[in-house]
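Here are a few friendly notes to read alongside the structure. Take them one at a time, and look up each residue as you go.

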Amino acid sequence: MVPSCQGFESLQADALDLIDRLPMLKHSEWIERSLSTIVQMAGEELDRLDWKIISSSLRDMEKAFSLFYPYLHVRKIAIFGSARVSPKSPEYLIARDFARAIAQQGFMVITGGGGGIMQAANEGATAERSFGLNIQLPFEQDSNPFIAGDSKLLNFKYFFTRKLFFLRESDALALFPGGFGTLDEAFECLTLTQTGKFGPAPVILIDRPGGDYWLDWNNFVQKQLGGRGLISADDRSLYTITDDVNVACEAIASFYLVYHSCRYVREQLVIRLKTELSEENVDRLNTDFSDIVVTGKIAKSQALAPEIGDPTFDLPRLTLHFNQRNLGRLYQLIAAINQMGSASPAAAHPEQK
């Protein structure tokens, strides 16, 4: 299809205007890279389907970026589980209660927008405190009545862009019993966590009171994976199993008492904190966690030069040359940091980024 003359001229004017303004834009380096990539692909032999994928995925991302931006400073919990459970089932009821409790603490909830556990979570959190990330399917997945029509319900064309925003926007993952899809989510999230591609963030596996769904799953993991040396013993620290709403909420809130976030700056892992630790506490961390430090020590630090302009610039930091292998031990380090600074007033609002 040949674009209309009017449409082409409007696009041309917008593109020229963007290029003129590029040096003045806040993220000009990344905008330039994105435009350069599009220009490079336009000169290659791509077929029509390739361009449809590029165009549709960019539209998915543009809508999602716009949706989540106003809620940038509120921590969010992604909730997964079976779409087949009934509203009267124990699994539905505990998912609803968990979502209500975590929302009352100030967190927000993200679901797939469908039925079952997703509906329970949107019901518990209410539309005001929740999002729905639905997927366009040939057999249309209807949105549940507790998020349908809300401005925070978004329909994605592709599963991969939907998954991107589930993980990008989530500060914790809560998984309830489910089928192949739920287990796929559980193993993928743990794989990304274990390899450092997601998080650090809490992964909570929640069952109905007295249930054995995740306990049986964990027995398999520990026997077949742990017993064969396919995972390390410390990987058990990557997730929490519970059938108690209060324990699940506490596992999430306690993760963000002092710990704020982290990133790599060159070879160093920079851990941003909400309050500064004492020299005595840092010495204790060096004693207890020297096994995951490749060289040097865990050290107190202010923001590094590459972090200039980052919203967390004023937060105190710890830096270390982490071995990037023992993620379970990193989670144990974060737990120790949170315990050390839990009495600080800064620890009062774990729901805030």
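At what angle do the axes of helix α4 and helix α5 cross, and within what distance do they come? Keep in mind that this is a predicted model.

1. Let's begin with that pair. Helix α4 covers residues 90-104 and helix α5 covers residues 117-125; their axes cross at roughly 35° and come within 7 Å. The crossing of α4 past α5 is right-handed. On the α4 side, the contact is made by E91, Y92, A95, R96, A99, R100 and A103, and on the α5 side by I117, Q119, A120, A121, E123, G124 and A125. Sorted by class, this contact has 8 nonpolar, 4 charged and 2 polar residues.

2. Now stay with α5. Is it mostly covered or mostly open? It is mostly covered, with 8 of its 9 residues buried. The buried ones are I117, M118, Q119, A120, A121, N122, G124 and A125. Their cover includes α4 as well as the strands β1 (76-80), β2 (108-111) and β3 (130-135).

3. Next, the nonpolar interior. In soluble globular proteins, nonpolar side chains tend to be buried together. Here the largest nonpolar core has 58 residues, and L133, L173, I271, L285, L318 and L333 have the most contacts inside it. Helix α11 (residues 327-340) gives the largest share of this core, 7 residues. Another core, of 27 residues, lies apart from it; V85, F107, A121 and I206 are among its members.

4. Take a closer look at L285. Leaving out residues up to four places away in sequence, L285 touches L277, S290, I298, L318, L333, A336, I337 and M340.

5. Finally, the charged pairs: the structure holds 17 salt bridges. One of them joins R33 and E29, with the closest N and O atoms 3.0 Å apart. These two are separated by about one helical turn because they sit 4 residues apart in helix α2 (residues 28-42). R33 is partly exposed, at 46% relative accessible area, and E29 is partly exposed too, at 42%.

6. Compare that with K163 and E185, a salt bridge whose closest N and O atoms are 3.5 Å apart. K163 lies in helix α6 (residues 159-169) and E185 in helix α7 (residues 180-194), so the pair ties together parts 22 residues apart in sequence. K163 counts as buried at 16% relative accessibility, and E185 counts as buried at 14%.

Notes: Residues are numbered from 1 along each chain as its sequence is written. This is a predicted model: local features need pLDDT of at least 70, side-chain atom pairs count only at pLDDT 80 or more; totals for chains, interfaces and linings use all residues. Side-chain values use heavy atoms; hydrogens and water are left out. Axes are lines fitted to C-alpha atoms, for helices over the stretch in contact, and angles run from 0 to 180 degrees between N-to-C directions. A crossing is left-handed if the near helix is turned anticlockwise from the far one by less than a right angle, and right-handed if clockwise. Contact means heavy atoms within 4.5 Å. Ala, Val, Leu, Ile, Met, Phe, Trp, Tyr, Cys and Pro count as nonpolar, Asp, Glu, Lys and Arg as charged, and the others, Gly among them, as polar. A nonpolar core is a set of buried Ala, Val, Leu, Ile, Met, Phe, Trp, Tyr and Cys residues joined through side-chain atoms within 4.5 Å. Buried means under 20% relative accessible area, exposed over 50%, partly exposed in between (1.4 Å probe, protein chains only). A salt bridge is a side-chain nitrogen of Lys or Arg within 4 Å of a carboxyl oxygen of Asp or Glu.
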